[in-house]
Amino acid sequence: MSARILVVDDIESNVRLLEAKLSAEYFEVLTAYDGPTALAIAGSERPDIILLDVMMPGMDGFQVCRRLKEDPTTRHVPVVLVTALDGRADRVAGLEAGADDFLTKPIDDVMLMARVRSLTRLKGVIDELRAREASGRRVGVIAGAASRLGGSGGRILIVDDNERQAERVASELAVEHRPVIEREAATALLAARGLVDLVILNANAKSFDGLRLAAQLRSDEATRGVPILAIADIDERARAVKALEIGVNDILARPVDPGELAARVRTQIRRKRYTDYLRANLDHSLELAVTDQLTGLHNRRYMATQLEALMERARHGGQPVSVLVIDIDHFKRVNDSFGHDVGDEVLAEFAVRLASNVRAVDLPVRHGGEEFVVVMPDTDLEDARRIAERIRLHAAGAPFRVMGGGELLGVTISVGVAQSAGGGDTPTALLKRADEAVYEAKARGRNRVIARAA
């Protein structure tokens, strides 16, 4: 997976060296030699990753990182701070400024590429979710971004057979989060399928293979989206690289520093909640696209695709498809006499009665206004007529409670029934026959079912 990477360093030789290494791996490289230029390029070019030197004159890397994370257009771009400093205070300061990781000079080429590829995968997922959310917002099925993505505390699963280390990590995190310790891989896999915001695992565990557990978490659909923070020995480079390739989100060096632990945990939980929010919005937008919001039934768009597929199957030797077209009698009179709010109550109540009187395989739909449709797979005309009669009786059998339950209103329906004819029959023709049957039912006094053969 390629990416566009912005390299920022005030020393030209450092920039050229990184540019050459990344270009050799087919990454597209942008360059900047100071903080203000880096901010301008990041805002205009939208890189996928920023490799940012810490020690720069004027505006240092910490300040640049903070500015990037404050800007809505660049806050989702992963930032890796590149520094000759290797002190705890500098790492914590960078993480608190919003950095996603650190690389220490001289840069290890293997670790560099592993980090870049790991962050590229992450950025790709977030970009896709953001694009879909933006599309949903443009067409009006998503109202807007959440003002606050959950509280600060998270549910953390610590998987570690080193009892002393696990207890120390849990103790440090318990002030802000809700940690739980598991010492065996099998029970950890089950626990991770619950409501977990982060898994912290010991990559050097003795009683289980930490990297195999990470791979299992990534391959399990229920845990694929849970971030993993691996605790590893700093001198085991190959194991750290393999962890990133498997899909571990971040690595924390042993011995564990409390400040760095807290900062990395906050970053991972914040990012998970943001991706969860994007996914939830996407699911909601898809639901809105096929659901009538007043009644909760599927809408006309969804019905069209389902009916076409069922009739295609019927045309090729499958069982017939029947449809009911249902119209609420004198609905305009309800709106004119009681107002549209009462009309909406009638529609919502009828949708409940309709859904409770069709079969599990049937598809009840609000077609528009006071008109409803039921698509009935593998159903002949007579069976469809009997179900339509049951719906009619249930609608007319008890008055509708409206105005908060303070008023009883009698409601009846007219129903047209039609069955697919095979051959060259189409959804449009089938619905037209059922619609003509509805008009016949109304002409014959309403509150009745008329079935029309092809």
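Visitor: Where is Pro 106 found?
Guide: Pro 106 sits in the loop between strand S5 (101-104) and helix H5 (109-138). Helices (H or I, at least four residues) and strands (E, at least two) are DSSP runs, numbered from the N terminus. A cis peptide bond joins Lys 105 to Pro 106, with omega about -10°.

Visitor: And what joins Arg 254 and Pro 255?
Guide: A cis peptide bond, with omega about -5°. Pro 255 is in the loop between S10 and helix H10 (258-290).

Visitor: What does the pLDDT average over the chain?
Guide: The average is 88, and 92% of the residues score at least 70; pLDDT is the predictor's confidence in each residue, from 0 to 100. Over residues 139-150 the pLDDT is below 50. That stretch has 20 contacts in the model beyond near neighbours in sequence, a contact being heavy atoms within 4.5 Å.

Visitor: What ground rules apply?
Guide: This is a predicted model, where local features need pLDDT of at least 70 and side-chain atom pairs count only at pLDDT 80 or more, while totals for chains, interfaces and linings use all residues. Residues are numbered from 1 along each chain as its sequence is written, and side-chain values use heavy atoms, with hydrogens and water left out.

Visitor: New topic: how many aromatic pairs are there?
Guide: The structure has 1. Phe 350 and Phe 372 are edge-to-face, 5.0 Å centre to centre with 70° between the planes. Rings of Phe, Tyr and Trp (its six-membered ring) pair if their centres lie within 6.5 Å; planes under 30 degrees apart count as stacked, over 60 as edge-to-face and the rest as tilted.

Visitor: Which parts does the pair tie together?
Guide: Phe 350 is in helix H13 (residues 340-355) and Phe 372 in strand S13 (residues 371-376), so the pair links parts that are 22 residues apart in sequence.

Visitor: Are Phe 350 and Phe 372 buried or exposed?
Guide: Both Phe 350 and Phe 372 are buried (under 20% relative accessible area; exposed is over 50%, partly exposed in between, with a 1.4 Å probe and protein chains only).

Visitor: What about Tyr 26, buried or exposed?
Guide: Tyr 26 counts as exposed, because its relative accessibility is 70%. Its phi is near 70°, a positive value in a residue other than glycine. Tyr 26 lies in the loop between helix H1 (12-24) and strand S2 (28-32).
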